[in-house]
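Here is a briefing for a reader who is new to this structure. Look at the chain first, then go through the points below by topic.

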Amino acid sequence: QLASALRDRGVRQGDRVACLQYNSASFVELLFAAAKLGAIFVPINFRFAAPEVAYLLADSGADVFVWSDSLSQLAWEALRGEGVRVRLRVTVGGEPAADEVDYETLVGSGESRALGMRVPGSDVAMLMYTSGTTGRPKGVMLTHENLLWHAINNLNLGRGIRGTDRTVTVAPMFHIGGLSVPTLPLLYVGGTVTILPSFDAAETLATMANERATVQFLLPVMWTALIAVPDFASYGLTALELA
């Protein structure tokens, strides 16, 4: 439905769809919608300053820019950057400005049927930007087959990933770890993914317990923060089998 709506707005194969969002269902919807169109998804680090976001928009040649309403000020400052040529602006949540499109309205305008597009596996599906510690970030070209085989490789991790598995995605999905280690492999096998917008140790621990997470990806510093939560031992993590 979203892919259809984007196509109706002129988004074509090879167009860049940039996303400045906290972890959310709409982040994943946008990734898959772009893939169905043969467009290229560009996730952006929401911790960047406006000039850094502007650089990514210009460098990637973003045609579409989707952002969380709470990041609107950052988005609009970035849109004024040199070389930015975004033609479709979409906001998720809140009231859109005159030249913005509301995300849910956009989704609702599309037809919920297959597009019939043929997208080669060797085509670029995503530009995942590096951290740029020795210079400006570089856009790594990940193809559809890159994402597919990365998911399949993760299915053999430890005791394996199964369709009955459950995880909590809380590592940022603008990073390859948060997106391609827990999220896409579990969706690939029909598992359950609970998405938290950002990391809070107590909230993450409670969600893992309540959702009975069986598989969990966190960075070492995040695991350390979980263990430091008061009454850590009282949280029921008995379902957890693979970390």
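This is a predicted model: local features need pLDDT of at least 70, side-chain atom pairs count only at pLDDT 80 or more; totals for chains, interfaces and linings use all residues.

Thr-238 is exposed, with a relative accessible area of 69%. Exposed means over 50% relative accessible area, buried under 20%, and partly exposed in between, with a 1.4 Å probe and protein chains only. Thr-238 sits in the segment after helix 9.

Residues are numbered from 1 along each chain as its sequence is written, and side-chain values use heavy atoms, with hydrogens and water left out.

**The segment after helix 9**

- Ala-228 is also found in the segment after helix 9 (220-227).
- Ala-228 is exposed, at a relative accessible area of 61%.
- The C-alpha atoms of Ala-228 and Gly-177 are separated by 23 Å, and these residues are 51 apart along the chain.
- Asp-231 has its place in the segment after helix 9 as well.
- The relative accessible area of Asp-231 is 60%, so Asp-231 counts as exposed.
- Asp-231 is not a glycine, yet its phi is positive, at about 60°.

- Thr-207 lies in helix 8, which covers residues 201-210.
- Helices here are DSSP runs of H or I with at least four residues, strands are runs of E with at least two, and both are numbered from the N terminus.
- Thr-207 has 13% relative accessibility, so Thr-207 counts as buried.
- Beyond its neighbours within four places in sequence, Thr-207 is in contact with Val-168, Thr-194, Leu-196 and Arg-212.
- Contact means heavy atoms within 4.5 Å.
- One of these partners, Arg-212, has its place in the loop between helix 8 and helix 9.
- Arg-212 is partly exposed, at 46% relative accessibility.
- Phi of Arg-212 is near 55°, a positive value in a residue other than glycine.

**Aromatic pairs**

- How many aromatic pairs does a search of the whole structure find? The search finds 5.
- Rings of Phe, Tyr and Trp (its six-membered ring) pair if their centres lie within 6.5 Å; planes under 30 degrees apart count as stacked, over 60 as edge-to-face, and the rest as tilted.
- Tyr-22 and Phe-46 form a tilted pair, with 4.6 Å centre to centre and 55° between the planes.
- Tyr-22 lies in the loop between strand 1 (16-20) and helix 2 (25-37), and Phe-46 in the loop between strand 2 (40-43) and helix 3 (50-60), so the pair ties together parts that are 24 residues apart in sequence.
- Tyr-22 is partly exposed at 27% relative accessible area, whereas Phe-46 is buried at 12%.
- Phe-27 and Phe-41 form an edge-to-face pair, with 5.3 Å centre to centre and 85° between the planes.
- Phe-27 is in helix 2 and Phe-41 in strand 2; this pair links distant parts of the chain, 14 residues apart.
- Phe-27 is buried at 1% relative accessibility, and Phe-41 is buried at a relative accessible area of 0%.

**The whole chain**

- The protein chain has 9 helices and 9 strands.
- For 243 residues, a compact globule would have a radius of gyration near 18 Å, and the chain agrees because its value is 18 Å.
- The radius of gyration is taken over C-alpha atoms, and the globule rule is 2.2 Å times the number of residues to the power 0.38.
- The C-alpha trace spans about 50 × 40 × 35 Å along its principal axes.
- Of the 243 residues, 49% count as buried.
- Among contacts between residues at least 6 apart in sequence, 70% join residues at least 24 apart.
- The chain exposes about 11600 Å², and carbon and sulfur atoms supply 53% of it.
- Accessible areas come from the Shrake-Rupley method with a 1.4 Å probe; for residues, only the protein chains shown count as cover.
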